[in-house]
Amino acid sequence: MGFFGASGGASSHGLVNLAVLGDSITANNHVNTSSTKSNNSRGYATWLNILSGQRFYLPIANNFGVSGDSLALISARVPAVIALNPDICIVHGGTNDLTGGNTFAAMQSTMLNSIIVPLTNAGIQVVVIPILPRTGLTTAQASIGQRFNT
């Protein structure tokens with residue numbers, strides 16, 4: 001099916017079933033506290049849904065973002081995403097790897113072999129968001145980030 005056409009994991013609402021996987025930037029797509037459960041206006045998936053005319057189904061359970069996670073920790077949640085069987089999974093990660101001392105080769109290998117390939121092999125369309133600009137990086141860390149994004 002096309003990008004906006006539901007396939008295998010289509011929600012019962014007839015919308016494109018979306019999952020998000022990543023670090024705190026992904027976790028911030030939802031507010032999930034004991035008193036509040038809602039979309040977060042700072043979340044990229046919230047804006048995707050708004051700007052697309054509400055074409056995506058993204059309940060809090062489809063948010064696999066955890067603050068502070070490296071790509072290795074993010075990859076550990078790939079089986080849970082596959083079990084959910086979404087149509088599309090948006091992946092954002094790598095910023096914590098930059099400050100955690102990981103090499104470009106390790107980051108690239110984890111993103112490709114432990115995240116993108118398993119999701120793709122499960123029939124899930126993968127959209128990868130580049131590492132967003134951030135302050136406080138050394139020149140070497142910034143160089144790794146720029147290289148990772150290309």
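Predicted model: local features only at pLDDT ≥ 70, side-chain atom pairs only at ≥ 80, totals over all residues.
Trainee: Noted! Is Leu-51 buried or exposed?

Mentor: Leu-51 has a relative accessible area of 70%, so it counts as exposed. You'll find Leu-51 in helix H2, which covers residues 44-51.

Trainee: And which residues in H2 are buried?

Mentor: Tyr-44, Ala-45, Thr-46 and Asn-49 are the buried ones in H2. For background, an α-helix has 3.6 residues a turn, so residues three or four places apart point the same way.

Trainee: Nice. What happens just after H2?

Mentor: Gly-53 takes a positive phi there, of about 80°. Then Gln-54 has a positive phi of about 60°, although Gln-54 is not a glycine. Most residues other than glycine have a negative phi.

Trainee: Where is Gln-54 placed, and why does it count as partly exposed?

Mentor: Gln-54 lies in the loop that runs between H2 and strand S4 (56-57). Its relative accessibility is 45%, so Gln-54 falls in the partly exposed class.

Trainee: Which other residue has a positive phi although it is not a glycine?

Mentor: Asn-85, with a phi of about 60°. Asn-85 sits in the loop between helix H4 (78-84) and strand S6 (88-92). At 31% relative accessibility, Asn-85 is partly exposed too.

Trainee: Let me zoom out. How many helices and strands are in the chain?

Mentor: Seven helices and seven strands. Going along the sequence, their pattern is β-α-β-β-α-β-β-α-α-β-α-α-β-α. The chain has 150 residues, and 39% of them count as buried.

Trainee: Changing topic to electrostatics: how many salt bridges does the count come to?

Mentor: One. Asp-69 forms a salt bridge with Arg-77, and their closest N and O atoms are 2.5 Å apart. In general, side chains of opposite charge can pair when their charged atoms come close.

Trainee: Are Asp-69 and Arg-77 buried or exposed?

Mentor: Both Asp-69 and Arg-77 are buried. Ser-70 is buried as well, because its relative accessible area is 16%, where the cut-off for buried is under 20%.

Trainee: Where is the place of Ser-70?

Mentor: In the loop between strand S5 (63-65) and helix H3 (71-75). Ser-70 and Gly-93 make a pair to look at: 23 residues separate them in sequence, while their C-alpha atoms are 6.9 Å apart in space.

Trainee: Last topic, I promise. How much space lies in the largest pocket, and which elements each supply at least two residues of its lining?

Mentor: The largest pocket holds about 180 Å³ of space. Helix H6 (104-121), strand S7 (125-129) and helix H7 (139-148) each supply at least two lining residues. H6 gives the largest share, five residues.

Trainee: What is the lining like by class?

Mentor: It has eight nonpolar, three polar and one charged residues. The lining residues include Phe-104, Met-111, Leu-112, Ile-129, Arg-147 and Asn-149.

Note on methods: Residues numbered from 1 in each chain as written. Heavy atoms only, no water. 1 Å grid on protein atoms, 1.4 Å probe; cavity = no way out; pocket = protein on both sides within 12 Å on 5 of 7 lines; lining within 4 Å. Points joined across faces, edges and corners; volume = space filled by probe spheres on them. Helix = DSSP H or I, 4+ residues; strand = E, 2+ residues; numbered from the N terminus. Nonpolar A, V, L, I, M, F, W, Y, C, P; charged D, E, K, R; others polar. Buried < 20%, exposed > 50% of the residue type's maximum accessible area, 1.4 Å probe, protein only. Salt bridge = Lys/Arg side-chain N within 4 Å of Asp/Glu carboxyl O.
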